Amino acid sequence: MAEVLVFVDHVDGAVRKPTLELLTLARRIGEPVAVSLGSGAENTAPALAEHGAVRVLTAEAPEFADYLVVPKVDAVQAAFEAVSPSAVLFPSSAEGKEIAARLAVRIGSGIITDAVDLEAGEEGPVATQSVFAAAFTTRSRVSRGTPVITVKPNSAAVEAAPAAGAVEALEVSFSEKATGTKVVARTPRESTGRPDLTEAAIVVSGGRGVGGAENFPVVEALADSLGAAVGASRAAVDAGWYPHTNQVGQTGKTVSPQLYIAAGISGAIQHRAGMQTSKTIVAVNKDAEAPIFDLVDYGVVGDLFEVVPQLTEEVKTRKG
């Protein structure tokens, strides 16, 4: 069976969930070979093997942390040349898409971004995408070169499938451009204790109906009871009620959780573009004519300040 190269997203050896999802998808079209780069790369091997990686190619070098993107592109290209895979998969993060695009240019291949599903086809992998503000679903394949595909988080379930996971050192020769952009400082992101917005299985978002920054704790309390991430509409962000890093929509982040709860959000097209692929959508809005109700699986017409606290208490009660 052909091998499929999978780029590993990890933090000091801790593998992030989107990578494990990629391994599930990679097994549909071949045998996954993981590429793990940077500090703690070898420590990723057990988790990768547990989820189907037959081999784990690792490289640790200061260039991966000290310079932007290009050293990782050099390394993935080296892995590509060593493996000759039938496809290369990346998570659809900002970094993942940039590395994927640069690799596609170097190897003369087509690229598909933001896939939400992947399956084997007679002429190569077939990717499903949600396009034009999630108004259409397309199925595409790369017709030139080796397919390079980025996949959105939460596109597949994480499935254990123990494999050999043999660790192999990857030899990387860095290009002259690898040291072109140096990282001069890093500021750690303040932890909220909540899941990453783009990776969360559950997202609770607040919009204009929340009425102000002082009322967002109502949304946060529901999110915390569910172990969810907190999102916000553009209206709430523009009003200064919540940080832009939490904005869901066409000009913010795209999410695709198992459950999306919209509180006080009307459902403008730019917001829908960022959450329409969620598996189950629930909305709470006092306006029965709000466009969000055309999209939802379950809708509650009511005051969010009455409905959401009751829902929070019910969740806490059921959790015991």
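Let me begin with Phe174, which is partly exposed at a relative accessible area of 28%, where partly exposed lies between buried, under 20% relative accessible area, and exposed, over 50%, with a 1.4 Å probe and protein chains only. What you see is a predicted model, in which local features need pLDDT of at least 70 and side-chain atom pairs count only at pLDDT 80 or more, while totals for chains, interfaces and linings use all residues. Residues are numbered from 1 along each chain as its sequence is written, and side-chain values use heavy atoms, with hydrogens and water left out.

Phe64, by contrast, counts as buried, at 7% relative accessibility. There are three aromatic pairs in the model, a pair being rings of Phe, Tyr and Trp (its six-membered ring) whose centres lie within 6.5 Å, stacked if the planes are under 30 degrees apart, edge-to-face if over 60 and tilted for the rest. One of them joins Phe64 and Phe174 edge-to-face, at 5.6 Å centre to centre and with 75° between the planes. Phe64 lies in helix 3 (residues 63–66) and Phe174 in the loop between strand 11 (166–169) and strand 12 (202–206), so the pair ties together parts 110 residues apart in sequence; helices (H or I, at least four residues) and strands (E, at least two) are DSSP runs, numbered from the N terminus.

Nine strands form an open sheet with mixed pairing, in the order 9-8-7-10-6-1-4-5-11, and two strands pair if DSSP finds at least two bridges between them. Strand 9 (136–140) and strand 11 stand at the edges with a single partner strand each, so one side of each is left without a neighbour in the sheet. Strand 1 (residues 3–7) and strand 6 (residues 87–91) run parallel and are joined by three bridges, and Val4 stands opposite Ala87 in strand 6.

What about the interior? The largest nonpolar core has 25 residues, of which Leu48, Leu89, Leu118 and Ile149 touch the most other members; such a core is a set of buried Ala, Val, Leu, Ile, Met, Phe, Trp, Tyr and Cys residues joined through side-chain atoms within 4.5 Å. Two or more residues each come from strand 1, helix 1, helix 2 (45–50), strand 6, strand 7 and strand 10, and helix 1 gives the most, with six residues. Apart from this core lies another, of 24 residues, among them Val73, Phe80, Val88 and Leu103.
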